[in-house]
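Subject: Structure handover

Dear colleague,

Please find the structure below, passed on for your files. My notes on it follow.

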Amino acid sequence: MQVEQFLELSAQRSPDKTALVCQERRLTYREIEEQSNQLAHALIENGVERGDRVAIYLDNSVEAVLSIFAVLKAGAVFLVVNPTTKPDKLAYILNNCRAVALITDSRKYAGVEKYSAQLPFLNHFFVTGLHATPPNDRRLKVLSLENLFNGARFSKLPLPKKCIDIDLAALIYTSGSTGKPKGVMLTHLNIVSAATSITTYLENTTDDVILNVLPLSFDYGLYQVLMAFKVGATFVLERSFTYPYAVIEKLVREKVTGLPLVPTISAILLQLNLQDFDFSSLRYITNTAAALPTHHILQLRNLFPHVKLYSMYGLTECKRVSYLPPDQIDVRPSSVGRGMPNEEVYIVDDHGRRVGPNVIGELVVRGSNVMKGYWEAPDATNKVLRPGPLPGENVLYTGDLFKMDEEGFLYFIARKDDIIKTRGEKVSPKEVEEVLYGLEGIAEAAVVGIPDEILGQAIKAVITLRDGAQLTERDVQRHCSANLEDFMVPKFIEFRDSLPKTSSGKISKRELAVPVGAGE
Amino acid sequence: MQNIQQELRQFVIDNFLFGHGNGNLRNDDSFLDKGIIDSTGVLELVVFLEEKYHIKIHDRELVPDNLDSINNLVRFLETKLQHAS
């Protein structure tokens with residue numbers, strides 16, 4: 001089984017069913033299938049080969065969904081880049097995986113085009129929303145997506161299969177402790193396995209209508225469309241949760257049955273006045289990225305008494321680890337549940353030996369959902385993929401400290417390294433520190449995560465200034481927001497005269513990670 | 001009107017652009033398209049409008065047509081203020 005077959009099989013079964021609702025557009029499975037075939041033919045005709053990497057740099061949109069399936073149909077590997085990624089990092093990612101094509105919109109194209117000279121591996125831009133045909137005498141060719149879909153040049157018919165299920169399907173870039181992002185390599189088998197397990201425990205069917213407001217660059221968002229198409233459901237895609245009432249009205253109008261949340265969205269949802277809305281169609285809510293505060297769970301249960309609430313936990317390297325069956329949420333609200341179907345999870349000590357109940361250790365995941373490794377980063381890969389119980393197999397060391405109760409339910413304790421998890425995304429303190437050091441006037445900077453009920457962790461930057469330098473909190477945040485994705489911008493900035501040091505002269509982060517307002 | 005427009009621009013620039021980009025923000029720029037505002041930002045904007053202009057914004061009015069650019073905000077606010085007086 002390959003990932004694009006999620007779409008192909010559903011298009012065969014129910015071609016006229018609504019597959020995708022996005023802003024004012026509604027597309028059937030046949031339309032998605034045919035247009036993604038057209039784009040796949042165009043990719044191949046323009047030199048994209050089996051295993052090539054094609055980057056998708058778009059907001060949540062029809063084109064983003066079509067692109068994901070088109071790249072797979074062409075036998076290539078897709079990566080969805082967060083649309084708030086800044087040029088330097090985008091260039092790093094494109095060059096790191098040697099992407100041959102970039103699919104984007106005209107506004108982002110205008111920004112990237114200036115950096116073309118720094119993208120030696122890229123051959124093609126596929127651009128949506130172009131007003132004029134750009135000059136095509138340059139090394140980098142530019143093609144209009146609209147021309148391609150509306151013309152007769154590219155066939156709507158399916159393409160012959162080139163891949164097998166141990167070929168790569170996707171790369172998902174995630175923060176690494178070195179400060180440079182790493183590409184998580186996912187095979188077709190990895191994705192099909194994870195999607196099968198998750199749709200099994202969520203009991204998804206073709207009758208489901210799944211509403212997604214999370215970016216498709218985030219694996220939790222990406223899997224919503226993959227799983228919806230796998231079961232032949234309807235996928236309602238919103239760009240964001242920026243205008244919550246517009247999203248809620250859509251949820252009611254489209255009779256949405258499944259709503260994936262993260263704690264930041266649930267916090268906003270609980271501030272809204274929702275008594276006039278009819279939520280009777282809603283069947284389940286999922287939460288992952290960070291644990292929901294217990295009082296949110298209670299409020300969500302009161303607001304949606306008929307809805308099944310799934311508390312879950314995962315990491316990009318294996319997609320999902322665990323889920324708490326909805327009937328357990330009132331019994332053990334702070335647990336993230338048990339391993340999902342067709343996956344084994346256990347906890348080990350520092351020597352790799354399994355520990356008993358209620359002992360804290362590192363969580364290990366074993367299953368066909370575990371990634372193939374990090375793209376061209378063998379050292380980083382060997383740190384997390386280590387020999388498992390069977391000869392020759394690897395299991396995933398998550399770097400997360402957990403404990404398990406007598407009945408096998410998991411409780412998150414902390415990260416083993418200093419990676420910050422905020423809004424469900426991993427942030428490398430080093431990556432933020434490097435940006436801070438780029439600001440004139442900063443002498444020393446240390447970035448730490450501090451506990452935050454909603455974000456999981458909030459990013460705090462502690463800074464000392466050079467003599468005579470005058471920087472405000474706002475100057476620092478402005479500089480960060482110009483150079484980092486939105487979720488990486490520090491929420492708190494603290495200026496100090498000096499930073500605490502360890503005996504070896506390194507900055508002592510332990511002392512800095514004090515919650516804001518926790519009596520100084 | 002000029003006044004309101006200036007006040008709104010200043011609020012958006014101070015709070016969502018960290019005081020940056022006065023010259024870059026056009027009055028018809030969509031906050032969504034430009035990635036200027038998120039859902040927490042919308043709620044902050046509403047609190048600001050309600051307190052500053054003594055109006056009550058209803059839940060159903062929190063839509064892009066009313067809030068998603070300086071021009072949309074000015075138009076929305078003028079309608080609200082007319083109805084209030």
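Two residues are taken to be in contact if their C-beta atoms, placed from the backbone, lie within 7 Å. Please keep in mind throughout that this is a predicted model.

With that cut-off, the contact between helices H2(A) and H3(A) can be listed by residue. On the H2(A) side are Ile32(A), Gln35(A), Ser36(A), Asn37(A), Leu39(A), Ala40(A) and Leu43(A). They meet Val65(A), Leu66(A), Ser67(A), Phe69(A), Ala70(A), Val71(A) and Lys73(A) in H3(A). By class, the contact of H2(A) with H3(A) comprises 9 nonpolar, 4 polar and 1 charged residues.

As for the geometry, two packed helices are described by the angle between their axes and the distance between the axes. Helix H2 of chain A covers residues 29-45 and helix H3 of chain A covers residues 62-73; they pack at an angle of about 55°, and their axes are 8 Å apart. Because of that angle, H2(A) is oblique to H3(A). The crossing of H2(A) and H3(A) is right-handed.

H2(A) also packs against helix H1 of chain A, residues 4-13, where the axes come within 8 Å and cross at roughly 135°. H1(A) and H2(A) are therefore oblique to each other. H1(A) passes H2(A) in a left-handed crossing. From H1(A), the residues that make the contact are Leu7(A), Glu8(A), Ser10(A) and Ala11(A); from H2(A), they are Tyr29(A), Arg30(A), Ile32(A), Glu33(A) and Ser36(A). The contact of H1(A) with H2(A) divides into 4 nonpolar, 2 polar and 3 charged residues. Ile32(A) and Ser36(A) are listed in the contact with H1(A) and also in the contact with H3(A).

Next, the domains. Chain A is divided into domain 1 (29-190), domain 2 (241-415) and domain 3 (420-512). Between domain 1 of chain A and domain 2 of chain A, the C-alpha centres lie 29 Å apart. Their contact takes 15 residues from domain 1 of chain A and 11 residues from domain 2 of chain A.

Which elements each supply at least two residues of the side of domain 1 of chain A that touches domain 2 of chain A? They are strand E8 (168-174), strand E9 (182-187) and helix H7 (188-201) of chain A. E9(A) provides the largest share of that side, 6 residues. By class, this side of domain 1 of chain A has 8 nonpolar, 6 polar and 1 charged residues.

Between the chains, 18 residues of chain A are in contact with 17 residues of chain B. On the side of chain A that touches chain B, the elements giving two or more residues are helix H9 (244-253) and helix H14 (473-483) of chain A. The largest share, 4 residues, comes from H14(A). The residues of this side of chain A divide into 7 nonpolar, 7 polar and 4 charged.

Finally, chain B. Chain B has 4 helices and 0 strands, and from the N terminus on its elements run α-α-α-α. Of the 85 residues in chain B, 22% are buried. Among the contacts in chain B with a separation of 6 or more, 59% are between residues 24 or more positions apart.

Regards

Conventions:
Residues are numbered from 1 along each chain as its sequence is written. Chains are lettered from A and ligands numbered from 1 in the order in which they are written. This is a predicted model: local features need pLDDT of at least 70, side-chain atom pairs count only at pLDDT 80 or more; totals for chains, interfaces and linings use all residues. Domain bounds come from an automatic or database domain assignment. Ala, Val, Leu, Ile, Met, Phe, Trp, Tyr, Cys and Pro count as nonpolar, Asp, Glu, Lys and Arg as charged, and the others, Gly among them, as polar. Axes are lines fitted to C-alpha atoms, for helices over the stretch in contact, and angles run from 0 to 180 degrees between N-to-C directions. Angles under 35 degrees count as roughly parallel, over 145 as roughly antiparallel, 65 to 115 as roughly perpendicular and the rest as oblique. A crossing is left-handed if the near helix is turned anticlockwise from the far one by less than a right angle, and right-handed if clockwise. A residue is buried if 20 or more other C-beta atoms lie within 10 Å of its own, exposed if 12 or fewer, and partly exposed in between; C-beta atoms are placed from the backbone.
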